[in-house]
Amino acid sequence: MSIITYLRPARPEDCENIYNAHRYAVQYTCARKYDEKVLRAWLALLNIDSYLQTMADPEKALWIVDYKGHIQGFFQLDLQEAQLDALYVHPFVHNQGLGTALLQRAEYLANQASLGLLKLYASLNSVKFYEINGYDSLGEYELPLNTEVTVNCLLMRKYLID
């Protein structure tokens, strides 16, 4: 990562940019592993208010990565559940180390909160990324997106302390 890249807690004025990075990541990156029906249901769940709710919750953390002056990704961490709820990077800036930087910051915050592990539901397109970063699969899982559509993923975890 260079000086033109930095991480920080999200602010309310970041929500539109977070939403855009989230939407593009689902729309383009996830399209490699999911069909149109799943993508439509997934995109329908995204909204700016959810980011504001996360920011208002003291048990959650929402951080962004700023790359070359633009918000290009984010993570959402639930400290009470020891769960990484989301980590997305805009598809136009993949392979720049932004996802790894976000993941390392989330793990650092989890460590600071005395969590011994971090779990997550990895979309099928992100499994290899999490495996490279030390996460183990606990098996396949289907998350409901609405009453009719589920998304296939893997439940994964990483122990943060040896």
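Reader: With which residues is Leu-62 in contact, leaving aside its neighbours within four places in sequence?

Author: In this predicted model, Leu-62 is in contact with Pro-9, Ala-10, Ile-18, Tyr-51, Thr-54, Met-55, Phe-74, Phe-75 and Gln-76, once neighbours within four places are set aside. What makes each of these a contact is that heavy atoms lie within 4.5 Å. Leu-62 itself has its place in strand S2.

Reader: Why does Leu-62 count as buried?

Author: The relative accessibility of Leu-62 is 4%. The cut-off for buried is under 20%, so Leu-62 counts as buried. By that cut-off, 46% of the 162 residues of the protein are buried.

Reader: What makes a group of residues a nonpolar core?

Author: The members must be buried residues of the nonpolar kinds, joined through side-chain atoms within 4.5 Å. The largest such core has 30 residues, and Phe-75, Leu-77, Leu-84, Leu-87, Tyr-130 and Met-156 have the most contacts inside it. At least two residues each come from strands S2, S3, S4, S5 and S7 and from helices H4 and H5. H4 (98–112) gives the largest share, seven residues.

Reader: Which residues does Leu-84 touch, not counting those up to four places away in sequence?

Author: Leu-84 touches Phe-75, Gln-76, Leu-77, Leu-103, Ala-106, Leu-118, Lys-119, Leu-120 and Tyr-130.

Reader: What pattern does the protein follow when read along the sequence?

Author: The pattern is β-α-α-α-β-β-β-α-β-α-β-β, which comprises five helices and seven strands.

Reader: Why is the protein called as compact as a globular protein of its length?

Author: Its radius of gyration is 15 Å, and the globule rule gives 15 Å for 162 residues; the value is close to the rule, so the protein is as compact as a globular protein of that length. The C-alpha trace spans about 40 × 35 × 30 Å along its principal axes.

Reader: What share of the contacts between residues at least 6 apart joins residues at least 24 apart?

Author: That share is 61%.

How values were computed: Residues numbered from 1 in each chain as written. Predicted model: local features only at pLDDT ≥ 70, side-chain atom pairs only at ≥ 80, totals over all residues. Heavy atoms only, no water. Buried < 20%, exposed > 50% of the residue type's maximum accessible area, 1.4 Å probe, protein only. Helix = DSSP H or I, 4+ residues; strand = E, 2+ residues; numbered from the N terminus. Rg over C-alpha atoms; globule rule 2.2 N^0.38 Å.
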